Amino acid sequence: MACGSTSLWAGETSWFCCGSSWGPCGSAGTGACGTCQSSSNQAAWPYASQACFNITRPDLCGEGLPQRGCGSVMNVKHQCSGAQVCVTISDCGPSTHSFCGEATCCNGACRTNRVIDLTPAAFSAIGSLSSGLLPVYIYE
């Protein structure tokens, strides 16, 4: 799995549970792609398909995200610490339109709107699960 360095987007990330019980997660479904596992470095993208986009509606927050389907690989980098994790898109989400204008800041720089969700394994690779949200850069 190649993890790219071409800038794709910037925004907030949160974390979510999927797959079999692991860490802070109980059992959950395997996501829109059918492969999601909380113990793997995976992610949910609001425009993983047109059906997904119709639910998450990042456009309502002014986010013109590109479509990237199941199996797409992205590099997610914490804006302040520089920690990075390579993830595979395995689900649809977050519901970006539910969090329009929400901001997460560090070192005086803020990112707005949830544009990607990470599994607990991926999120904890770049930050603390207890923080809940992180400002990130996304590369492909």
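**A tour of the disulfides and the barrel**

Start by selecting Cys18 and Cys36: a disulfide (a pair of cysteine sulfur atoms within 2.5 Å) joins them, S to S 2.0 Å. Both Cys18 and Cys36 are buried, meaning under 20% relative accessible area, with exposed over 50% and partly exposed in between (1.4 Å probe, protein chains only). With -60° about the S-S bond, this link of Cys18 and Cys36 is left-handed.

Before moving on, note that this is a predicted model, where local features need pLDDT of at least 70, side-chain atom pairs count only at pLDDT 80 or more, and totals for chains, interfaces and linings use all residues. Residues are numbered from 1 along each chain as its sequence is written, and side-chain values use heavy atoms, leaving out hydrogens and water.

Next, select Cys3 and Cys86, whose sulfur atoms are 2.5 Å apart in a disulfide. Cys3 lies in the segment before strand S1 (7-15) and Cys86 in strand S4, so the pair ties together parts that are 83 residues apart in sequence. Strands here are DSSP runs (E, at least two residues), numbered from the N terminus. Cys3 counts as partly exposed, at 31% relative accessibility.

Stay with Cys86 and look across: Asn75 stands opposite Cys86 in S4. Now color S3 (residues 73-78) and S4 (residues 84-92), which pair in the antiparallel sense over five bridges; two strands pair if DSSP finds at least two bridges between them.

Which strands close into a barrel? Six do, in the order S1-S7-S2-S4-S3-S8, with mixed pairing.

Finish at Cys80 and Cys106, joined by a disulfide with S to S 1.7 Å.

Notes. Helices (H or I, at least four residues) and strands (E, at least two) are DSSP runs, numbered from the N terminus.
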